[in-house]
Amino acid sequence: MTSTVLQTFKVPARVAAPALPDADRKPLAKKEVAADHPTWCPGCGDFSVLALYFKLIEKRKMWHEKITTVAGIGCSSRFPYFVQAHGAHFIHGRALPFASGVSLSRPDLHVFVFGGDGDAFSIGGNHFTHTARRNVKMTYVVMDNFVYGLTKKQTSPTSPIGFKSKTDMWGSMDQPINPLKQAIAAGATFVARTTHTNASHVLQMMEAAMDHDGFGFVECLSECVEFYEGAFDAANPRKGGAFNQVPAEHDVTDEFAAYKLADEAFPGRFGIFYKTQRPTKNANEARITQTTQEKFKGQQDWQILKKSFDRLK
């Protein structure tokens, strides 16, 4: 009979390398945040938005552990696959509730959500409304192409009257929604509009939305060259259109003026339509949490739990 001597070894604790101060960290380059090769059709406007997101990450010195990219379902919603950082490709129309949870539980992060006109305004329309009114801190960029591209050309909520698709062969007869008016009416505290053909403007709008303390909504016209080619030529000076910016004298804090400006006929205006400050859902939740914690200050977890059970008796 042999005896086995068991020896207990003390495993030394892992010593983490000292973190570099942010000021000493090198900004991330595109090659460090680019993941899979984008699978969009050649010429898709979404390529422009992705490239400018990489530019934003580098310019604002965002590190991998601070980048959070969320999307739903659709061509544009493949976004998180192409970003080498934390993110989620969530279920159809439900990107905003998921992103809200991230934003509320991790105040140290700024959450970016990307979607299309179907994911945002059709199946996700209710979540768009309620996230806006709650003023959850995040940036929501909707790449609006006026058509369902992933499912090969069906009428979307923003398709113009007369648009012929597989679901409206005779031409759409339904009034399209106006994303800007809907966002303003729902209570969004930052509302802007841009187009993928003006790269510098896209970056400006994303930066402005990121800096806003609240729900920042950016509608970005993004042409689907496969199923709705030329949809936004009227907004492209290189194709004979006009890139009309929001007038310099426009008061972005005037909700009525913003709503009226958003009602202009296509191609409309580009820039910041509305911007105001009111308490965010994040701040309100943090205040409630702090107030509740003060009531149980100095008590152990089991004591708090016992009191809760006692109230149920």
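A charge sits over a ring if NZ of Lys or CZ of Arg is within 6 Å of the ring centre and within 35 degrees of the ring normal. This is a predicted model, where local features need pLDDT of at least 70, side-chain atom pairs count only at pLDDT 80 or more, and totals for chains, interfaces and linings use all residues. Residues are numbered from 1 along each chain as its sequence is written, and side-chain values use heavy atoms, leaving out hydrogens and water.

**View A. Arg193 over the ring of Phe270.** Arg193 lies over the face of Phe270. The distance to the ring centre is 4.5 Å.

**View B. Ser76 in its loop.** The loop runs between strand 1 (67-71) and strand 2 (86-89). Strands are DSSP runs of E, at least two residues; helices are runs of H or I, at least four; both are numbered from the N terminus. Ser76 counts as buried because its relative accessibility is 5%. Buried means under 20% relative accessible area (1.4 Å probe, protein chains only). A polar atom of the Ser76 side chain lies 3.2 Å from the backbone oxygen of Gly115.

**View C. The buried face of helix 5.** Helix 5 spans residues 125-134, and its buried residues are Gly125, Phe128, Thr131 and Ala132. Seen down the helix axis, they fall within an arc of 130°, so they line one face. That arc is taken from the directions from the helix axis to the C-beta atoms. Asn135 follows helix 5, with a positive phi near 60°.

**View D. Phe121 and Phe128, edge-to-face.** Their ring centres lie 5.5 Å apart, with 85° between the planes. Rings of Phe, Tyr and Trp (its six-membered ring) pair if their centres lie within 6.5 Å; planes over 60 degrees apart count as edge-to-face. Phe128 is buried, at 0% relative accessibility.

Note on methods:
Buried means under 20% relative accessible area, exposed over 50%, partly exposed in between (1.4 Å probe, protein chains only). A polar contact is a pair of N or O atoms within 3.5 Å; within protein, one must be able to donate a hydrogen and the other to accept it, and residues adjacent in sequence count only if both atoms are side-chain atoms. Rings of Phe, Tyr and Trp (its six-membered ring) pair if their centres lie within 6.5 Å; planes under 30 degrees apart count as stacked, over 60 as edge-to-face and the rest as tilted.
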